[in-house]
Amino acid sequence: METLKADVVQDIRFARSADGVGIAYAMHGSGPPLLIDACWLSHLQFDWESPVWRHYLVELGKIATVIRYDERGHGLSDRGVTDHGLEARVGDLEAVVADAGLDRFALMAMAQGGPVAIEYAARHPERLTRLMFYGSYSGARAGSSAEELELLAAFEALIRVGWARPTSEFRRVFSSMMIPGGTEEQMRWLDDLQKQACDSETAVMSWSQRQSTDSTWRLPQLDLPTLVLHSRSDQMNEFHHARELAAGIRGARLVALESSNHIVLADEPAWPALLREITDFMEPDRRHAPDVIADDVAALVSRRELEILRLAAAGHDNDAIAAELFLSVRTVERHLQNAYAKLGLSGRTARTAAVARLLSHA
């Protein structure tokens, strides 16, 4: 399985939500900004070496500047939080957007992030270039059958009795439903993630409060390019949620992935199909990225340095930039280092930070 290259690093930062909760977020990659709305289970550092999420981080970082965050009470964000309601979670997303200096960006909602993304898009339509949903929904109970509702209640009971246990039998129920096609290593990683992501009390509270969140009524208000991706045999969030999202948002496109995994794995045929759909959907943002210039960047760097930063923002590596501009790779590297110095950036995350700053007023 592909690993993150040694020179690919994430820049971890902290934003402060409206109610004072600290939200950890990370940036990596290059290209137009893509903000990933938080999953239920995440840990920015733990995910970085994950056999389940690694391929997402590697490949998405090649086509976009990826911004992702740990939900309140989870991962590296502030723990001991009791409010996991919709307003608080929308406030967290708004705080990350403000702290990262984003003006316009693409937003991807994964799993339980759907209602938050819908609410944000309805409130701030001018901020989004496009919207994606992956294995998500407008409301956990929206359109659910009596059997699904019984299953949700059973999940809450399992969390209460099994989350904190030293052995993983109860947690394995969730892992088996999220990646039924996973290897034992991948299953164990998800088992461990549940303990790493949050404590049992937070798991119960956040799960319970999410069940009452429903943004379905907002769907007709959305009017922007929208892509809905969902595994056809997803056992965590059934496929009817995807149909309802696509039917409710004007012009939305639905893509059914031939997989039973809630998290599509790197070695299954659905993965290249998923990556191709995201890449193609993001292409307009990549194509327009070179024309987007933040005034402060343009004022600080030379014309040649700006030209090179534009190409970096479009996702080109140094070899591709050198070929495009008929320069040596060493010359490209020198111009980039000069630009970083003028922008007050240094270290292994300088490129990501420079691109994010360049695109901050798209």
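In this predicted model, helix H13 (residues 318–325) has Asn-318, Ile-321, Ala-322 and Leu-325 as its buried residues, where buried means under 20% relative accessible area and exposed over 50%, with a 1.4 Å probe and protein chains only. Viewed down the axis of H13, these buried residues fall within an arc of 100°, so they line one face of the helix; the arc is taken from the directions from the helix axis to the C-beta atoms. Asp-319, Ala-323 and Glu-324 are exposed on the other side of H13. Helices here are DSSP runs (H or I) of at least four residues, numbered from the N terminus.

The model is predicted, and its local features need pLDDT of at least 70, side-chain atom pairs count only at pLDDT 80 or more, and totals for chains, interfaces and linings use all residues. Residues are numbered from 1 along each chain as its sequence is written, and side-chain values use heavy atoms, without hydrogens and water.

The buried residues of H13 pack against helix H12 (303–313), helix H14 (329–342) and helix H15 (350–358), contact meaning heavy atoms within 4.5 Å. Just after H13, Phe-326 takes a positive phi of about 55°.

Two of these neighbours also meet. The axes of H12 and H15 come within 10 Å and cross at roughly 95°; the two helices are therefore roughly perpendicular to each other, a term for angles of 65 to 115 degrees. Axes are lines fitted to C-alpha atoms over the stretch in contact, with angles from 0 to 180 degrees between N-to-C directions. H12 contributes Leu-306, Leu-309, Arg-310, Ala-312 and Ala-313 to the contact, and H15 contributes Arg-351, Ala-354, Val-355 and Leu-358.

Terms used. Angles under 35 degrees count as roughly parallel, over 145 as roughly antiparallel, 65 to 115 as roughly perpendicular and the rest as oblique.
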